[in-house]
Amino acid sequence: IVGGVGEEEVAYRGGRRWVKCYERVKVGGREGAFTEGGVYLILGGMEGVTFAVAEFLAQGAGARLSIADEAMIPPCEEWPGWLSAHDEEDPISRKIAKARFLQKLGAEVMWCHADVSDVAGMNSALAKTYERYGVLNGVIFSPGQPAEEFFTPIEDMTFAQSERVFESSVYGLYVLEEALRSRRVDFCLLCSSLSSELGGPGYVAHTAASRFMDYFALNKRDQRRWLSINWDVWRPESRRAHTPAAGRGANPYGITAREAVEITRRIYSHRDMGQIIVSTGDLSDRVARRVRVEGERGDSRQGAGTSSPSHPRPDLQTPYVPPDNELESTIARILERSLGIEKIGVYDNFFDLGGDSLTALQVIAELKKAFKRELSVVSLYEVLTTRALADMLADRHGNEGAAGEDVNAEGEIRQEKLKRRKQFQQKKRSGRRDAPAEET
């Protein structure tokens, strides 16, 4: 039963009517106390807001950071040689560059090679941290999500796909709770997403996983300081802020790296609240517009293929480079119609142009129609530019067989992980039911 404006969620319990609402929290005015030489374990890599949290911790009093990552990072003394032998865009080089930046801020950084989505990996990361530092003050949990499952329409989502999304977020959180059961830490900070409140096209599994993290933190906050932060969309510092004039798909919201560091600083002193939602706009208004207007917005875009661009190309950091063949020209025209922007160059980034998940669905539908190819929404999120899309479409046919073999091998590995996780959960349920509470 839905009431008036702003009453999208209503519940009746014990003769009472409950309406979900949002309350502004003033998080300035008091500083969080750092532990001198504190040790913090970061789970989930160093991308986006996770790196901003690490930067905040590095600015504290001699923070020591233990970063768990599945990638094999060479020892610290080998970093100069690695960087001289590899391009700066190399994935390992980028991780090393981030670690060195944190070191310049005053932090001590250690990389742990570990897959923290299962019990063995989590225990390995903790063991390596305690072996080196002898103590652990806090944990930052920021689960990575497989891109191929992240933007899957609900009608196409399978049980196996949702399990792959939940592998790091849901099951990984249970594993973390078990691994910390007999250990004392000051806080556990969970990097959740605003999608748990706003949802969005193709976000079904991601939204479910984020909401699980939120309720997990709220239900556990009496045991230790669990805090779930629902971050708004991440806006890397290298991209300029969107403006409404950028196009119909423009997204005026977003958090830059500098803002994320300041947000973390303020939230750190309120980490006993259980959940804090970070929204760069009025959240109630955004929820209402998402629920009541998104359908109309989607319907209006169904005719985007026949509309004309209505806005000039925005001021981007990338110079305009026109398409130089028919394939690129066709893709650019589809993007121009869907985004409502004139003169999209081959190197212009989809998000810099104001693209969002709803626009992505429209673009993919137009690409399928134009090229008679099966494409997933994630294809656009993986390549992001006209030239990269053209390269993908030109190359896809010859690589389908090899890709299928890789998927089968990866599926077997995931099935084995899932089997071990189920065994762990069964053991936990049977062995913990009557156990006395541990000190936290």
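Which residue in β6 is the bridge partner of leucine 41? In this predicted model, the bridge partner of leucine 41 in β6 is valine 139, and the pairing to which this bridge belongs is described below together with the rest of the sheet.

## The sheet

Seven strands make up an open sheet with parallel pairing, and their order across it is β5-β4-β3-β6-β7-β8-β9. Because β5 (108-113) and β9 (275-277) are the edge strands and each has a single partner strand, one side of each is left without a neighbour in the sheet. From one strand to the next, the twist averages 20°.

## Strand β3 and its partners

Strand β3 (residues 39-43) runs parallel to strand β4 (residues 64-69), to which five bridges join it, and it also pairs with β6 in the parallel sense, over four bridges. Leucine 41 takes part on both sides, with serine 66 as its bridge partner in β4 and valine 139 as its bridge partner in β6. Isoleucine 42, for its part, stands opposite isoleucine 67 in β4.

In a regular strand, side chains alternate between the two faces of the sheet. In β3, Val39, Leu41 and Leu43 point one way, while Tyr40 and Ile42 point the other way, and all are buried. Since five of the five residues of β3 are buried, this strand is largely enclosed by the rest of the structure.

Helix α1 lies across β3, β4, β6 (138-141), β7 (187-193) and β8 (225-231), and its direction is at about 175° to that of β3. Helix α8 (residues 204-220) also packs on the sheet, where it touches β6, β7, β8 and β9, and its direction makes about 155° with that of β7.

## Threonine 50 in helix α1

Is threonine 50 buried or exposed? Threonine 50, which is found in helix α1 (residues 49-58), has a relative accessibility of 2% and therefore counts as buried, given that the cut-off for a buried residue is under 20%. When its neighbours within four places in sequence are left aside, threonine 50 is in contact with Ile42, Gly45 and Ser142.

Methods:
Residues are numbered from 1 along each chain as its sequence is written. This is a predicted model: local features need pLDDT of at least 70, side-chain atom pairs count only at pLDDT 80 or more; totals for chains, interfaces and linings use all residues. Side-chain values use heavy atoms; hydrogens and water are left out. Helices (H or I, at least four residues) and strands (E, at least two) are DSSP runs, numbered from the N terminus. Buried means under 20% relative accessible area, exposed over 50%, partly exposed in between (1.4 Å probe, protein chains only). Contact means heavy atoms within 4.5 Å. Two strands pair if DSSP finds at least two bridges between them. Axes are lines fitted to C-alpha atoms, for helices over the stretch in contact, and angles run from 0 to 180 degrees between N-to-C directions.
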